[in-house]
Amino acid sequence: MARKSFTKEEINQIVIDENVEFIRVTFTDVLGAIKNVEVPTSQLDKLLNNNLMFDGSSIEGFVRINESDMYLYPDLSTFMIFPWATDSRGGKVARLIADVYTSDREPFEGDPRQALRKVLNEAKAAGFSAFNVGTEPEFFLFKLDANGKPTTELNDKGGYFDLAPHDMGENVRREIVLTLEKMGFEIEAAHHEVAEGQHEVDFKYASALEAADNIQTFKLVVKTIARKNGYYATFMPKPVAGINGSGMHTNMSLFRGAENAFEDTSDEMGLSKTAYNFLGGLLAHATAFTALANPTVNSYKRLTPGFEAPVYVAWSASNRSPMVRVPASRGKSTRLELRSVDPTANPYTTLAAILAAGLDGIKNELEPLASVDKNIYLMDETERTKAGITDLPDTLLAAIRELTNDSTITAAIGSHIADKFIEAKKIEYTSYRQFVSQWETDAYFENY
């Protein structure tokens, strides 16, 4: 799904022809939240000439108040019209994703999109023309109350691949798919997931920067269409205890021109040395990039045994309990699937970290441990130790400590983002520690 490259003149003409009244300019902060400023089309020339300014000191993890003036440089290839009107007259809203620049018109080191670009350039310098990524984001649908506020009541009792009447979210999913297709997405599948109220929409792989942009756009569309239909969509990893959480399995491959650099037909598993070394890098840096791939306290409620999410650093081609799986497809589709990522991850910094880990594996010829072809959840600690299987961090604080100590991953996202992210997450974990949960009250109040 290659994006069309628009010129300024083409965008101006489309805005006139399609009755576009506003342009929503979006970017992403250090923690992965989508930010936007909406400008009327009367300001379109100012925007397209990179003269739209904003206050960077008001954005999480950006700059101090004395250096607050920043510019938004729209990426013209991201121009897209939302397929819904803003009013009864049929006025439309278009979208442009922007890169963030300083007041000196230099790329801002705290812009997650710039961080991903930097690592992609390193991949090109290493001889790779593309890092292709396909994600499988999951989400839950909850009912809204009479005042339009989210409730904790799930929208259905369905299970994996169920149909109506068990899957009450079927029509919402269809509308999400149709909306995404109107916006240029190529949808490969949409279905009910394992847990009640849980859903998944899979869209075609893309180059890493476009894939990250797509994830952010996808989240916006899902939440918009869900609310339109009387539901609240959440990408929270574990919104309900006792059932499966939401992941965002991430499939990846490196290309050299038209050649998939992960493929080698002479290998027993069909994997090249590049693929094995990339895999070795993923495993070597897994505990460090977990903080980025699973960035909330709640993420570690999902990463527990018994609910299909991986908790061990291992890989396999034949079972789904390890962190990395090698799907059966070969040829151009030869790829690695990282199963630990969840949908609260900032896609730009997470993909930057994952790619940096893989490139480090290639550079240093890191060899992965042997494939684990049995259910790791059924192995005891002695068996896991013998197989060289280690644990992923089990709390956000533990993951942050691992990130702090891995110079490869912190360098990939840059010191500005790393410092701001680590600081914010330590504050988040401290706040969590100070909260007394209902579980603690139930377990301890009357017993001590």
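Rings of Phe, Tyr and Trp (its six-membered ring) pair if their centres lie within 6.5 Å; planes under 30 degrees apart count as stacked, over 60 as edge-to-face and the rest as tilted. By this rule the structure has 15 aromatic pairs. Phe203 and Phe218 make a tilted pair, because their planes stand at 50°, with the ring centres 5.2 Å apart. Helices (H or I, at least four residues) and strands (E, at least two) are DSSP runs, numbered from the N terminus.

The model is predicted: local features need pLDDT of at least 70, side-chain atom pairs count only at pLDDT 80 or more, and totals for chains, interfaces and linings use all residues. Residues are numbered from 1 along each chain as its sequence is written, and side-chain values use heavy atoms, with hydrogens and water left out.

Are Phe203 and Phe218 buried or exposed? Buried means under 20% relative accessible area, exposed over 50%, partly exposed in between (1.4 Å probe, protein chains only). Phe203 is buried at 4% relative accessibility. Phe218 is buried at 0%. A second pair, Tyr276 with Trp315, is edge-to-face, at 6.3 Å centre to centre and 70° between the planes. This pair also links distant parts of the chain: Tyr276 is in helix α6 (residues 273-284), Trp315 in strand β16 (residues 315-316), 39 residues apart. Both Tyr276 and Trp315 are buried. Ring pairs also join Phe139, Phe185, Phe203, Phe218 and Phe235 into a cluster.

Charges come next. A salt bridge is a side-chain nitrogen of Lys or Arg within 4 Å of a carboxyl oxygen of Asp or Glu. The structure holds 14 of these salt bridges. In one of them, Glu18 meets Lys92 at 2.9 Å, N to O. The partners are 74 residues apart, with Glu18 in the loop between α1 (8-17) and β1 (20-28) and Lys92 in strand β6. Glu18 is partly exposed at 33%, and Lys92 is partly exposed at 25%.

Arg113 and Asp75 also form a salt bridge, again at 2.9 Å, N to O. Arg113 lies in helix α3 and Asp75 in the loop between β4 (69-74) and β5 (80-85), so the pair ties together parts that are 38 residues apart in sequence. Arg113 is buried at 2%, and Asp75 is buried at 14%.

Glu428 and Lys425 form a salt bridge too, with the closest N and O atoms 2.8 Å apart. They are separated by about one helical turn, because they stand three residues apart in helix α13 (residues 415-433). Glu428 is partly exposed at 27%, whereas Lys425 is buried at 5%. Salt bridges that share partners join Asp75, Asp99, Arg113, Arg117 and Asp213 into one network.

Now the backbone. Most residues other than glycine have a negative phi. Arg105, not a glycine, has a positive phi of about 60°. Arg105 is in the loop between β6 (92-102) and α3 (112-125), and is partly exposed at 33%. Glu365, also not a glycine, has a positive phi of about 50°. Glu365 belongs to the loop between α9 (347-363) and α10 (381-386).

Last, helix α12 (residues 407-413) holds Ala411. Ala411 is partly exposed, with a relative accessible area of 46%. Its C-alpha atom is 13 Å from that of Leu351, 60 residues away along the chain.
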